[in-house]
Amino acid sequence: MVALTAIDGREYVYRVRAPRDALPADLFRAALHCHDDGPHPGASDHFDAAPIWRAGRPEHT
């Protein structure tokens, strides 16, 4: 999951499907692309400001 802050002050959250070893920058880029394709106002392109976290159940080892 990647949260992007838009110029309207709202935070938009996107589920990005990616392999476990995907780089955070790749996840951010995928979410930003989804956001730009939608009807929402522009989002911040500051990669380091976007919270990124794994969705779903925690893994058991």
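A residue counts as partly exposed when its relative accessible area lies between the buried class, under 20%, and the exposed class, over 50%. The legends below apply these terms to a predicted model.

**Figure 1. Thr 5 in strand 1 of the predicted model.** Thr 5 belongs to strand 1, which covers residues 2-5. Its relative accessibility is 38%, and therefore Thr 5 counts as partly exposed. When residues up to four places away in sequence are set aside, Thr 5 touches Arg 10, Glu 11, Ala 43 and Ser 44. The view also includes Pro 51, which stands 46 residues from Thr 5 along the chain. The C-alpha atoms of Thr 5 and Pro 51 are separated by 9.7 Å.

**Figure 2. The whole protein, shown for orientation.** The secondary structure consists of 1 helix and 2 strands. Read from the N terminus, these elements follow the order β-β-α. The C-alpha atoms fill a box of roughly 40 × 20 × 20 Å along the principal axes. Of the 61 residues in the protein, 23% are buried.

**Figure 3. The salt bridge between Arg 29 and Asp 26.** How many salt bridges are counted in this model? The count comes to 1, and Arg 29 forms a salt bridge with Asp 26. The closest N and O atoms of Arg 29 and Asp 26 are 2.7 Å apart, which falls within the 4 Å limit and so meets the definition of a salt bridge. Both residues lie in helix 1, which spans residues 24-37. Arg 29 and Asp 26 are 3 residues apart, about one turn of the helix. Arg 29 has a relative accessible area of 52% and is therefore exposed. Asp 26, at 37% relative accessibility, counts as partly exposed.

Figure 4. Is His 35 buried or exposed? Its relative accessibility is 0%, so His 35 counts as buried. A polar atom of the His 35 side chain lies 2.6 Å from the backbone oxygen of Pro 41. Beyond residues up to four places away in sequence, His 35 touches Leu 4, Ala 6, Tyr 12 and Tyr 14, among others. The contacts of His 35 also include His 40, Pro 41, Gly 42 and Ala 43.

**Figure 5. His 40 in the segment after helix 1.** His 40 is located in the segment that follows helix 1. With a relative accessibility of 33%, His 40 counts as partly exposed. Which residues does His 40 contact, leaving aside neighbours within four places in sequence? They are Tyr 12, Tyr 14 and His 35. His 40 and Tyr 12 are 28 residues apart in sequence, and their C-alpha atoms are 8.9 Å apart in space.

**Figure 6. The largest pocket and its lining.** The largest pocket has a volume of about 330 Å³. Its lining is made up of 14 residues. Which of these lie nearest the centre of the pocket? They are Met 1, Val 16, Ala 18, Arg 54 and Ala 55. Sorted by class, the lining holds 10 nonpolar and 4 charged residues, with no polar residues.

How values were computed. Residues are numbered from 1 along each chain as its sequence is written. This is a predicted model: local features need pLDDT of at least 70, side-chain atom pairs count only at pLDDT 80 or more; totals for chains, interfaces and linings use all residues. Side-chain values use heavy atoms; hydrogens and water are left out. A salt bridge is a side-chain nitrogen of Lys or Arg within 4 Å of a carboxyl oxygen of Asp or Glu. Helices (H or I, at least four residues) and strands (E, at least two) are DSSP runs, numbered from the N terminus. Buried means under 20% relative accessible area, exposed over 50%, partly exposed in between (1.4 Å probe, protein chains only). A polar contact is a pair of N or O atoms within 3.5 Å; within protein, one must be able to donate a hydrogen and the other to accept it, and residues adjacent in sequence count only if both atoms are side-chain atoms. Contact means heavy atoms within 4.5 Å. On a 1 Å grid over the protein atoms alone, a cavity is a set of points where a 1.4 Å probe fits but cannot get out, and a pocket is an open set with protein on both sides within 12 Å along at least five of seven lines; lining residues have an atom within 4 Å of a point. Grid points are joined across faces, edges and corners, and a volume is the space filled by probe spheres set on the points. Ala, Val, Leu, Ile, Met, Phe, Trp, Tyr, Cys and Pro count as nonpolar, Asp, Glu, Lys and Arg as charged, and the others, Gly among them, as polar.
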